[in-house]
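Dear colleague,

Please find below the structure I promised to hand over, with my notes after it. Could you read them with the model open beside you?

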Amino acid sequence: MTQNATDPQTLAASQPAEESGSARARVSATRLLRTLLRNGKAVAGLSILLAFIILALLAPALFPGDPSRITSAGASAPSMEHWLGTTSKGQDVLGLTLWGARSSLFVGFVAGILSTIVGVLVGLSGAYFGRGLDEVLSLVTNVFLLVPGLPLLVILAAFMPPGLGTVIVVLMITGWAGSARVMRSQAMSIRGKDYVAAALVSGERPLRIMVREMLPNMASVVMTTLLGCIIGSIGAQAGLEFLGLGDVNTISWGTNLFWATSDGSLMLGPWWIFVPSGLAIALVAFALALCNYAVDEITNPRLRRPKHATKSTAATTVVRKEEK
């Protein structure tokens, strides 16, 4: 007697193997997010980052008008009227810091996301197709990795028109190679998995296999790479603008440091002019590093701490009997 084709066991056995792989990947990503929200480092980092984002969004309401408007007040130390003091041009330092967060966070996140996307595409394509394409992409990646980053940033920024778009493009061009190398290594290990082979046999398209089968299983690596790219983009933007290679008419943490240097604040000693912007960059980088470490701690079994500390057992005494 033949078994009915509509039997649930037969249907379950006939399902494509890639569906189970995608389901496992989705469950793994959801579990990663839930575990991340229960991690102390991740919660602390996200709280600091969320506070900066909220203050940046509220900057027009807290300090309406043009915060870079020059007045005759002159430099003054922090007071009740100006919580972080004023610059030598009479500008409120707190207003410049909050308005600068809008530009710095926007450029950092956009450039970091774009760099990660380019790195993921290059890494996945090279690992999946292999052979000639992998050799070409690896050669281009190695060239960008060998070229010093800061001189390349300076050259590109000097010859391109100033503006936030230029800064984002420059940071994306110089920041994708490292993430591509990491993605390629991770994708090479996933390329030989059974569910990828099953998707190939079932006739799935290469783009669908890379996006639905390989990429979800690289979620932790992608998230870690993204956080690193954002940190690097925020620091690189501040460095470019501190050197005067950005748009000095844009208010950002980097331009605040540039004008503090131009006005001689670093030499004359009014610390309240340059410390807030530098401290803001450090705090955002610290918050992202906490999130990065939390992801690494969750996904790396060697860094996981046991939930309950093992209790020390009472020492046992060994009685040695004398041999007669």
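**Notes on the model**

Leu62 counts as partly exposed because its relative accessibility is 46%, where partly exposed is the range between buried (under 20% relative accessible area) and exposed (over 50%), computed with a 1.4 Å probe and protein chains only. Please keep in mind that this is a predicted model, in which local features need pLDDT of at least 70 and side-chain atom pairs count only at pLDDT 80 or more, whereas totals for chains, interfaces and linings use all residues. Residues are numbered from 1 along each chain as its sequence is written, and side-chain values use heavy atoms, with hydrogens and water left out.

Overall, the protein chain contains 14 helices and zero strands, these being DSSP runs numbered from the N terminus (H or I of at least four residues for helices, E of at least two for strands). Of its 324 residues, 37% count as buried.

Leu62, which lies in helix H4 (residues 59-62), also belongs to a nonpolar surface patch of about 620 Å², which it makes together with Leu50, Ile53, Ile54, Leu55, Leu57 and Leu58. A patch of this kind joins nonpolar side chains (Val, Leu, Ile, Met, Phe, Trp, Tyr) within 5 Å, using residues with over 30% relative accessible area and no salt bridge, while like charges would be joined within 9 Å. Helix H3 (residues 40-57) supplies the largest share of the nonpolar patch, namely five residues.

Another salt bridge is formed by Arg184 and Asp134, whose closest N and O atoms are 2.8 Å apart. Because Arg184 lies in helix H8 (residues 164-191) and Asp134 in helix H6 (residues 131-146), the pair ties together parts that are 50 residues apart in sequence. Here Arg184 is partly exposed, with a relative accessible area of 22%, and Asp134 counts as buried at 10% relative accessibility. There is also a salt bridge between the side chains of Arg208 and Glu204 (2.8 Å, N to O); Arg208 is partly exposed with a relative accessible area of 39%, and Glu204 is partly exposed with 24%.

Finally, the second largest pocket holds about 300 Å³ of space, a pocket being an open set of points on a 1 Å grid over the protein atoms alone, where a 1.4 Å probe fits, with protein on both sides within 12 Å along at least five of seven lines, and lining residues having an atom within 4 Å of a point. Its lining comprises 19 residues, with Ser68, Gln91, Leu96, Asn256 and Trp259 lying nearest the centre. Helix H5 (93-129) and helix H12 (253-262) each supply at least two residues of this lining, and H12 gives the most, with four. By type, the lining divides into eight nonpolar, nine polar and two charged residues.

With best wishes

Definitions and conventions
Accessible areas come from the Shrake-Rupley method with a 1.4 Å probe; for residues, only the protein chains shown count as cover. A salt bridge is a side-chain nitrogen of Lys or Arg within 4 Å of a carboxyl oxygen of Asp or Glu. Grid points are joined across faces, edges and corners, and a volume is the space filled by probe spheres set on the points. Ala, Val, Leu, Ile, Met, Phe, Trp, Tyr, Cys and Pro count as nonpolar, Asp, Glu, Lys and Arg as charged, and the others, Gly among them, as polar.
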